[in-house]
Structures are given as C-alpha cells and as structure tokens.
Amino acid sequence: MNRKIRDTALVVATALAALVVVAMLAVILLDVVRSGASAISWTFLTQPPSGGMQSGGVGPAIFGTAALTILMTVAVVPVGVVTAIWLTEYAAPDSRLARYVRLAVSNLAGVPSIVFGLFGLGFFVQTLGRGVDKVAFGGVVTYGKPGLIWAALTLAILTMPVVIVATEEALRAVPRDLRDASLALGATKFQTTFYVVVPQAMGGILTSAILAVSRGAGEVAPILFTGAAYFLAELPTHLNDQFMNLGYHVYVLATQSPDVDKTRPQLYGTVLVLLLLTFLLNLLAVVIRVRARRASSIARA
Amino acid sequence: MPTAALPTKIEVQNLNVFYRAEKKAETQALKDVALEIRDREVLALIGPSGCGKSTFLRVLNRMNDTVPGARVEGRVLLEGEDVLAKGYDVVGLRRRVGMVFQRPQPFPKSIFDNVAFGVRAHGLTDKNEIVRRVESALGRAALWDEVKDRLEASALSLSGGQAQRLCIARALAVEPEVLLMDEPTSALDPIATARLEELIHELRADLTIVIVTHSMQQAARVSQRTGFFYMGNLIEVGPTKQMFTRPRENKTEDYISGRFG
C-alpha cells in the first residue's frame, strides 16, 4: 500500500512540474495576446513610433529586425556550414585542430550575449570599422560607428555554434555506405561531399539556418552597442546605417518612456509581433525537419 | 575449363592488413595473403564471418582508405602497377576497379542520374554520350526493360533487386575493367538472387569479377575459381569444381562440408 502511495505521489509530482511549465507559457501568451492584440493594426505594423512612443507603430523595428536577421543569416550559414563540412568530412578523427575548433565552438555557445555585444563594439566597430575608414575613406567616420553590418556580424558569431552543431549532426546522419558508394564510382572526395552528402543532409542544414535565425532574431544585448537605434523614423538604406529592432524596442518602451502606463499598449503589441515572428520561424524549422526526415526514411526503406 | 590460359589481371603479394580501433591494440585482419586474379574470370571468395574476405576485397580498389585506423602492407599489382604505392591515383583506380556493396545504396536522385553519376563525376559532359552510356549500362545490368519508361523516377522507388542491379549499372557505366562484389545478394530474395547470378555470367564476357559470398552454392554456381579465407589467412585457392569436390586442405573441407562457419 505504501508503495502504491509513493508511486501515485511521483506521478502527481511529475505531472505538476509539467503543468507549471505549460501554465507559465500559457499565462505569458494569454497576457501578451489579450493586451497586445488590440494594439495591432496596419498603422502599427507599418508606421514609426510617434508622440513620445505613445502612438504610431513599430514599422521600422520590424524592417530593422528583418534586415538584421537576413544579413546575419547570409553571414553565418556559409561559414558555419563549411566549418561543419570540414569537421565531419575532412578533418581526421584524431585531428588536434578539429578538437580545438570543437572546443571553441562549444565555448562560444556558453558565452553570455552581452559579451558578444562588447566584442562586436571592440572588434567590429572600433577596430575593423575604423580600419576600413582609415584605408578607404581617408579617416572620415563611415564604418567606424555602430551600424547594421556590425550588428549582423556580431549576431552571426553568436549563432555560429548553433549552425555548426546542427549541420554536423545532419552530415553525420548521412550513412557511410552512401559515401562509399560514391567514392567507389571514382568520384573525388569533393564530388562525394557536395553532390551526395550535402544534398542528402540539406533538410538538416536548412533547419540549422532557421534555428540560428530564431535564436538571433530575439537577441538584444549583442546589438546594443553595435547598431541598434533608440528611435529612427527613416529605414536603414546602407550597411553602416543604424536601425531599429523589435527586441531593443521592447526594452526602450519598458524602461525609457516618460509615462510607462501610456506606452503599455504599444509595448504589448511589440512583444506580440516579436513572439509571432519567432513562432513563425520555429514553425518553419519544424516543417522543414519533418519533410527532411520523411525523405531520409524513404531512403532507408 | 581453359582458366589456366587467362592472363593475370591483378596480382596480390604479401598482403597484410591491420586495424586499430581507438586506443586498442592493433589486430591483423589479413596475414601474408598472396593471390592472383585472372582476366575475365569470376573469382569467388568464401569463408566464415570476420575471416578477412571483405577486407581483401576493399583493398583491391583502396576502399579501405576510408576506414579509420587501417594499415595495409604488401603489393597489389593491377596489370603490373602497384596500386598501394604512395601517390597512386586512387580516384583513377576506382574508375578501373568498380565495386558493388552488400546493401544497395541508390542515391536519392532519379534512376538516370544515378547511373550517370560516375560518368559525370569523371568529367564527361557530352549529353548524347552520357545517354548512350546510361542506356547501355542499364541494358548490361538487365534493368533496361523494367525502367526504360521511368528513367526520371526516383531511384528510391525501385525494389531491392532492382536497386542492386541499378548499383551494378551505375558501376558499369564507368566502364571498369574489374568489378568487386561484396555479398551482392545478401539483401535480396531468391528470385532476385537468381537474376543477379545470371547477370554475373553475362558480365564475365568483358569484365573481371571478384565476388565475396556467404553462400557456397552461389560460389559454385557463378565462379571459375574460389578462394577460401579463414582467420585472415588465404587457406586455399583453386578451380571452383575442385574446391568443392577435392579440396587440398582439411580446413577447406571442414568448412564446405558445414562442420564449422
């Protein structure tokens, strides 16, 4: 009897723990949707903030977030995928360099994001940017200031481990027999990698890119010093322009407003847009992963 | 049988192969193997699991290079040239010495693209020539009639036997001189197996074939000569008929009469 009670207690405890997680998510979502839905309108989605951030919208922030994320993806995916290909396909299993690269990747994944922000400021803005100015613009400050390109590159470094690890997993899932079959036909290592292995792993590679996007799209700390602007009515048109960002805008609305109560609807609306954006990206990742899994299960049958 | 008159295609001398699994002691997979493979013969290799016959096969076209921790000593002369020599063109070797594996491994591409893969990889771009090679390879692999109307269909839609013949067609399209087959029928049903054995007979007209098999009946059916491996040693090699009726070694006799293995 005693044993039965303990069993039941365990079931109840684990169910409760799970329930707490679900409940918290539900509370957050409900609160955000309830208070934010009314703020969403065409004006809100397209117009810049106005009237001391108490009216208007988040148009430039949506645009800025999208531009930032696209640039980041363009930067991180090729480098991350090529690194993963080198790690799984080319580096010898006992290679010391590969071990150091893996160590660096896993350490990179553990660095707090504010540190990336400071690194981006120090390396990209102050070192690389000023270097570019000195060489190409005769010392006139052009790239030696926070801007879209530097924020995107900082985010790219932050999301690099995600891309590398997920791509490595996708490549490792390609059966060795398939590589052997290609090599035995007299295909070179390069041909085998790029015409057999990578196409087979494409679903996983795309998933890695989307994981990076959904990770990077919500980050604020890395772009604080490297390009995000408090308020800009104009959309960024050049790589060195500053930009508005949804995540940063949430922070601004919540802490920098003269009248927090009056900006609250705007705040909730912005959070809702950010959540929807992240949710959509995750949904896309799931769809691609499922399709890739279906394709590879056909390959096994 | 005029097998004695055939010239030598591949000559293997003092072949030793070692494997080292991570941080463990090296184990020897092949011990001082010497063997001659004749032009346009079917040589069957038999022996219990782990006897080294598959390892031997993979040495012949250097597929063992892809196994981490493998070390090979000795000489494998393909028409007099040592393919194990440093700096030997391995990719070129595999174009001359093709391989078919235990489980068919069609690429997730169309049937046509599967067969054209090797040809294209070798830099052939002439469309008519690629089509000619693909059709002829599918014909030689006895698959043409079954797939001629759906060359653009995915190769993954083929049955096991068809997929294996596709893999043979894929290997043939490259026009190799030698074809290595590693238990090519172990994943096939009896009917598909019979078709494949028939195919081996036909291919012998212009190919040298080395086939590793678990089935002694298969060795007896398809080969002119048979080699018996046991614990890394090549115990005996000779005309197939003689191997199965009057083997020279006791171990061979014990194995083929089913006393072990």
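**Entry 1: the largest cavity**

I began with the lining of the largest cavity and found Ala181(A), Ala184(A) and Leu185(A) there, together with Met99(B), Val100(B), Phe101(B), Arg103(B), Gln105(B), Gln164(B), Cys167(B) and Arg170(B). I note here that this is a predicted model, and that I am reading computed values throughout.

I then looked up how much space this largest cavity holds, and the value is about 70 Å³.

Turning to secondary structure, I asked which elements each supply at least two residues of this lining. They are helix 7 (176-184) of chain A, along with strand 6 (97-100) and helix 6 (160-173) of chain B. Helix 6 of chain B contributes the most to the lining of the largest cavity, namely three residues.

Sorting the lining of the largest cavity by class, I have seven nonpolar residues, two polar ones and two charged ones.

**Entry 2: the search as a whole**

I checked how many cavities of 30 Å³ or more the search of the whole structure finds, and the count is two.

**Entry 3: the second largest cavity**

For the second largest cavity I read a space of about 40 Å³, and I list its lining as Arg133(B), Ser136(B), Ala137(B), Arg140(B), Leu172(B), Ala173(B) and Glu175(B).

Helix 4 (127-140) and helix 6 of chain B each supply at least two residues of this second lining, and helix 4 of chain B gives the most, with four residues.

By class, I count three nonpolar, one polar and three charged residues in the lining of the second largest cavity.

Technical notes: Residues are numbered from 1 along each chain as its sequence is written. Chains are lettered from A and ligands numbered from 1 in the order in which they are written. This is a predicted model: local features need pLDDT of at least 70, side-chain atom pairs count only at pLDDT 80 or more; totals for chains, interfaces and linings use all residues. Side-chain values use heavy atoms; hydrogens and water are left out. On a 1 Å grid over the protein atoms alone, a cavity is a set of points where a 1.4 Å probe fits but cannot get out, and a pocket is an open set with protein on both sides within 12 Å along at least five of seven lines; lining residues have an atom within 4 Å of a point. Grid points are joined across faces, edges and corners, and a volume is the space filled by probe spheres set on the points. Ala, Val, Leu, Ile, Met, Phe, Trp, Tyr, Cys and Pro count as nonpolar, Asp, Glu, Lys and Arg as charged, and the others, Gly among them, as polar.
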